[in-house]
Amino acid sequence: MEHLIIAPILIPAFAGMLLLLEVRERQRLRRLTGLLATLALIPVALGLWQQAASGDIGVYQLGDWRAPFGIVLVLDRLSALMVLLTAVLALPALIYGSRGDDRRGANFHALFQLQLMGINGAFLTGDLFNLFVFFEVLLIASYGLALHGRGPARVKGGIHYVVLNLIGSALFLVALGLAYGTTGTLNMADFAVKVSELEGNSLDLARLSGLLMWVVFGLKAALFPLYFWLPATYASATAPVAALFAIMTKVGIYAIARVYGLAFSGGALAGLGRDPLWILALITLGLAAVGVLGARRLGEMVAYLLVMSVGTLVAGLAWSSPAAFGAMLYYLIHSTLVCGGLFLLADLVSRGRGELADRLEAGPSPVGRGVLGALFFAGAIAVVGLPPLSGFIGKVALMQAVPAPVYWLLLLGGGLIALIGLSRAGSTLFWRATGDGEERSLDGPRLAATVALLATTPALAIWGEPVLEACLAVAGQWAQPGLYIDAVLGAGESAL
Amino acid sequence: MEVMLALIIATLVGCGVYLTLRARTFPVILGITLLSYGVNLFVFVSGRLSLNQVPVVGMSENASDPLPQALVLTAIVIGFAMTAFLVVLALRGQGEMKSDHVDGGSDGEDG
């Protein structure tokens, strides 16, 4: 079973290549291939979680090149959790996309699989340069997906997104050059050991490298002042793509947690960049709440809710106690799935509203007003953090773990502002409707996919205690970088 | 040689940053290309500069480091593909928005 670690990268890679080979007219075959590959990720991710939950850290040395020299994949609890979350989010998004959205442009399914490969790779790799490569894989696929379908708004948002990320990649390379120049290694475990022994000029260069990486990950995570690209790109992307992108900001958060909790965990650079991170997270939280209130389209509003969750999460991360990290992970699972579901819901609402689409103006009633209204109500309660759904549990756990008045104020105040924005949106869309829209019934599978994502929030609330305990176990392992370092370097030595 | 390389990298990155901040897609693409050249050189130099040395430890006095060359090769390939994609995207933007302004808006005085 040791080869299972690489399966979350290989399955989408092979599926993606197969999908590129297939002939143009076989849309059903493509859908089937894509869905089967995505479905297969769920048992694989569950198996990996089972392996990691025991507390062992799995190390997979590619090509049997021993550890600090070759590239390693590392499976600890944190990576296993993120891979599982990706699989759970991807399946409903793909089911939704397979109901017609995939016909609006070429190669939707292939790009979707390659995107999954990049995301899973970024979560599993134990090498800094390899992290860069997987970032590029997921970015290239995401460029294609963000532009899927047509429209000037999409191209405009797309250009901004691509240029910003290219600059981000350039900064990442500079950071990697500095890291390699000072320590002579790019393996995260080995780097952590070497960097804690640095002094003098090398130490300053390593600090510079770390801070540059913060900027890059901050851009990926959409942290203030680098989040302005997100609402335009996400709101103009097609719904299943936007839903999948809900995990993309979390890749940035994961990278901050990994590099900060592991690579820069020891020596003089411990806690590097923590204070600015805390302040920026709080500013993100506050500004995103204003964005929610000012949004003119439902998709844009959900995008700002996503940025708000990023602020909430990064603040919990910057507090950097195991308890805060565990609570943050619970909130991360909740916010990813709920925001994904809300993106799908926004698309369902906009169908049948004709020209108005998801603009927040009174217009024809959306098809299936009762069902969609109830879903919107549940989703809003969850994302704002009112009892009894999972957002409430997540926020309470975070507030208990992070006893800082300014954080409490922003979390609660932001929640209130978001609640006002969402109530206004809901009453405009569902209550002030003028007559019925086009006569069409709701599409079954689309509705099922949306319900599946939104239904995770009561599930997370009902099984709140075991999930929170699992998150705290992940946090406990994350807070002891020594375990990870020993596992990786030990695997290298035992292979000799 | 260190000073010369440092100056070359600084010039490339400086020009790249300036061009990237322009409002038209074409200078932006050129700027990103220059930026990536500068960055690639930077990564290449991170293995220290040495002339006529064997890339195997123990064969010569100062072994040269082969790893940055592998890294920079990867970075060049990725950067090239990204630039090609950006060119196609800019062309499509020109076609769909009838303007090569990065915001798709009407023409200002810059250009």
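Colleague: In what order do the elements of chain B run from the N terminus on?

Modeller: This is a predicted model, in which local features need pLDDT of at least 70 and side-chain atom pairs count only at pLDDT 80 or more, while totals for chains, interfaces and linings use all residues. Residues are numbered from 1 along each chain as its sequence is written, chains are lettered from A and ligands numbered from 1 in the order in which they are written, and side-chain values use heavy atoms, with hydrogens and water left out. With helices (H or I, at least four residues) and strands (E, at least two) taken as DSSP runs numbered from the N terminus, chain B comes to 3 helices and 0 strands. From the N terminus on, its elements run α-α-α.

Colleague: What radius of gyration does chain B have?

Modeller: The C-alpha atoms of chain B fill a box of roughly 65 × 25 × 15 Å along the principal axes. The radius of gyration is taken over C-alpha atoms, and the globule rule is 2.2 Å times the number of residues to the power 0.38. For a compact globule of 111 residues the value would be near 13 Å, but for chain B it is 19 Å.

Colleague: What percentage of the residues in chain B are buried?

Modeller: Buried means under 20% relative accessible area, exposed means over 50%, and partly exposed lies in between, using a 1.4 Å probe and protein chains only. Of the 111 residues in chain B, the buried share is 34%.

Colleague: In which helix is A:Ser209 found?

Modeller: A contact means heavy atoms within 4.5 Å. Leaving aside neighbours within four places in sequence, A:Ser209 is in contact with A:Ala175, A:Leu178, A:Ala179 and A:Phe264, while the contacts of A:Met213 include A:Ala175 and A:Ala179. A:Ser209 is buried, with a relative accessible area of 0%, and its place, within residues 201–221 of chain A, is helix α8.

Colleague: How many residues apart in sequence are the parts that the pair of A:Tyr260 and A:Trp478 ties together?

Modeller: Rings of Phe, Tyr and Trp (its six-membered ring) pair if their centres lie within 6.5 Å, and planes under 30 degrees apart count as stacked, over 60 as edge-to-face and the rest as tilted. The count comes to 22 aromatic pairs over all chains; among them, A:Tyr260 and A:Trp478 have ring centres 6.5 Å apart and planes at 50°, so this pair is tilted. Because A:Tyr260 lies in helix α11 (residues 248–263) and A:Trp478 in helix α20 (residues 464–478) of chain A, the pair ties together parts whose separation in sequence is 218 residues.

Colleague: Which residue does a cis peptide bond join to A:Phe224?

Modeller: Most residues other than glycine have a negative phi, and most peptide bonds are trans. One cis bond runs from A:Pro387 to A:Pro388, with omega near 10°. Another, with omega about 0°, joins A:Phe224 to A:Pro225.

Colleague: What is the phi of A:Asp64 near?

Modeller: A:Asp64 lies in the loop between β1 (58–61) and β2 (72–75) of chain A, and at 61% relative accessibility it counts as exposed. Its phi is positive although the residue is not glycine, and the value is near 60°.
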